[in-house]
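The topics are grouped below.

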Amino acid sequence: MQEAWVQSETTERRFAGTTLQVVFKLVERCNINCSYCYYFNMGDKTPFDRPVKATPETVEAMADWITQGCQELGFRRVLIAFHGGEPMLVKPREFEQICETFRQRIEPQVPMGLTIQTNGTVLTEEWLALFHEYGVHVGLSIDGDHTANDRFRLDHQGRSTFRQVENNLRRFLAWADAGNGRGVSTISVMDHRNDYAEVYRYLRSLGVRQMSFLLPDRNRDDGFSEPGESSERYGERLAELFQAWLEEDDKSIFVRQISEILQHLQVREDNDVEGDPSAGGRREGFQVVVMHSDGSVSVNDSFLPALDWYSRTPRYSIHQHSLREFLDDPIFEDVQRIQASAADECLSCEWRGICRGGDIENRYSAENGFDNPSIYCKGYHRYYGHIRDTLVHNGYPAELMKAKIARSQKQFPS
C-alpha cells in the first residue's frame, strides 16, 4: 500500500472506484468458546459493553450511513460481511429483514455483495433458502479433522463441536454444488501440532474447494510458549500445506496462502498484483471498516492482537458522524503508513516484497510499536524458500525466479 494517501488529494479522490468492506458485528456473543478467540478469551472484553445483537433501527441507520457515504466518496461497491460472535444466532426472519433493508436502501445506489462467516453450528433449510435468495457467500470456520478442530473449538461446557460442524459443512457444500448461493469457503486457524497435508486432504475429502489458513493471533511480545512451537515450525506446516496442494495438481483449488505467493511468481511477465487483494498485493482497492451492534465503527479488528495499541484507536458513531468524517480520521493514514513500511532488518530480506513485513499486528511490541519483523518471520523464510526450491526443482527457470523475487523487492517498501 502506498504511504498514506497524498494529503493534497480530496477525500472523494481517495476512495473513488474502490470497494468499501463493512465487517458487521451483527451478533456480539457466541454459542461456542474457542480458546484462541481474541474477542472473548485473549484480552478484548468490549463486546460485553455492547448489545447482544443489532436492532432493526441500527440496521436501517447503518444502511443509510453506508449509502450516503458511498455516494459522497465514490465507492464503486460495498461488501457487507456478517460477523460476530456468531451472526447466525439471529432468527432467520430477522436476517431476512436485514438483507432486505440493505437491498432496498443500498443496492439501488451502489452495487452490493453479502458474505457471512459462521462457526457452522447452526443450519436449517430456511437459512439455506435465505443465502440463496440474497446471494450470500458462506465462510465456515473449521480447523481440520476431529483432533485438529477440537483442540480449541469447544462449546461453553467444553464439549466437542466437530460432528455438528462437519455435518453442516457437508450440507453447505452439497447446497453450493447444486448451484445455490455464491459458494462456500473454509477458514482454519493453524496449530503447530497438526499435519497440514492431512488437514488439506481432509477438507478436500469433504469437497472443499476454497480454503484459507490463518496463523494464530500473536504479537511480538506474546512469543511461543508451547513445547515444540516456533516460528520455523509454522513455516514447516505451511510447506506441508503447499506440498499437498501441489501433489493434487488441481489449479482450480484455491488456497489463499498459496495464491498470495504464486501471484508474484507467475511465469508470464505481465502479472501485476498491486491492486489485487486476493493476491496479497497492495490493497488499494478495499477500505475496511468494522461496524458493531451499537452502531459504533472502528478500524479493522484483525489488528486486535496489538491490543494496547488497538484499544486506543478511535470509535465513531454512525448516529453522530458520517462515513466521510470517520475515514478522515488520522488513524487511517497511520495504518497505511505502517503497512507501507518495514522494519530496518527487513530491508535486506529477499522476501520482503512478498511478505510485505508481515501482518502489522504480528509486528507489534510494546517497546518498538510496529518497527519489528513479524513474529512469524523465520517461518515465512522457511515457507517461501520451500516453494522457491520446489518450483525450481520441478522446472521453473531459476533465473526467472530470481528476477520475480527481485521485482517484488522493488515494490516494497514504497
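Contact here means heavy atoms within 4.5 Å. The model is predicted. On that basis, Phe82 is in contact with Phe24, Leu26, Pro87, Phe95, Ile98, Cys99, Phe102, Leu114, Thr115, Ile116 and Gln117, leaving aside its neighbours within four places in sequence.

**Nonpolar cores**

- The largest nonpolar core has 109 residues, of which Phe24, Ile80, Phe82, Phe95 and Phe102 touch the most other members.
- A second, separate core is made up of five residues, including Ile32, Cys34, Phe152 and Val189.
- In soluble globular proteins, nonpolar side chains tend to be buried together.

**Val165**

- Val165 lies in helix H6, which spans residues 162-177.
- Val165 counts as buried because its relative accessibility is 2%, and the cut-off for buried is under 20%.
- Not counting residues up to four places away in sequence, Val165 touches Asn119, Gly120, Thr121, Leu140, Ser141 and Ile142.
- Val165 and Gly120 are 45 residues apart along the chain, and 4.9 Å separates their C-alpha atoms.

**Helices H14 and H15**

- Helix H14 (residues 377-393) packs with helix H15 (residues 398-410) at an angle of about 150°, and their axes are 9 Å apart.
- H14 is therefore roughly antiparallel to H15, since angles over 145 degrees count as such.
- The H14 and H15 crossing is right-handed.
- On the H14 side, Arg388, Leu391 and Val392 meet Ala398, Met401 and Ile405 of H15.
- The residues of this contact between H14 and H15 comprise five nonpolar, no polar and one charged.

Conventions: Residues are numbered from 1 along each chain as its sequence is written. This is a predicted model: local features need pLDDT of at least 70, side-chain atom pairs count only at pLDDT 80 or more; totals for chains, interfaces and linings use all residues. Side-chain values use heavy atoms; hydrogens and water are left out. Helices (H or I, at least four residues) and strands (E, at least two) are DSSP runs, numbered from the N terminus. Buried means under 20% relative accessible area, exposed over 50%, partly exposed in between (1.4 Å probe, protein chains only). A nonpolar core is a set of buried Ala, Val, Leu, Ile, Met, Phe, Trp, Tyr and Cys residues joined through side-chain atoms within 4.5 Å. Axes are lines fitted to C-alpha atoms, for helices over the stretch in contact, and angles run from 0 to 180 degrees between N-to-C directions. Angles under 35 degrees count as roughly parallel, over 145 as roughly antiparallel, 65 to 115 as roughly perpendicular and the rest as oblique. A crossing is left-handed if the near helix is turned anticlockwise from the far one by less than a right angle, and right-handed if clockwise. Ala, Val, Leu, Ile, Met, Phe, Trp, Tyr, Cys and Pro count as nonpolar, Asp, Glu, Lys and Arg as charged, and the others, Gly among them, as polar.
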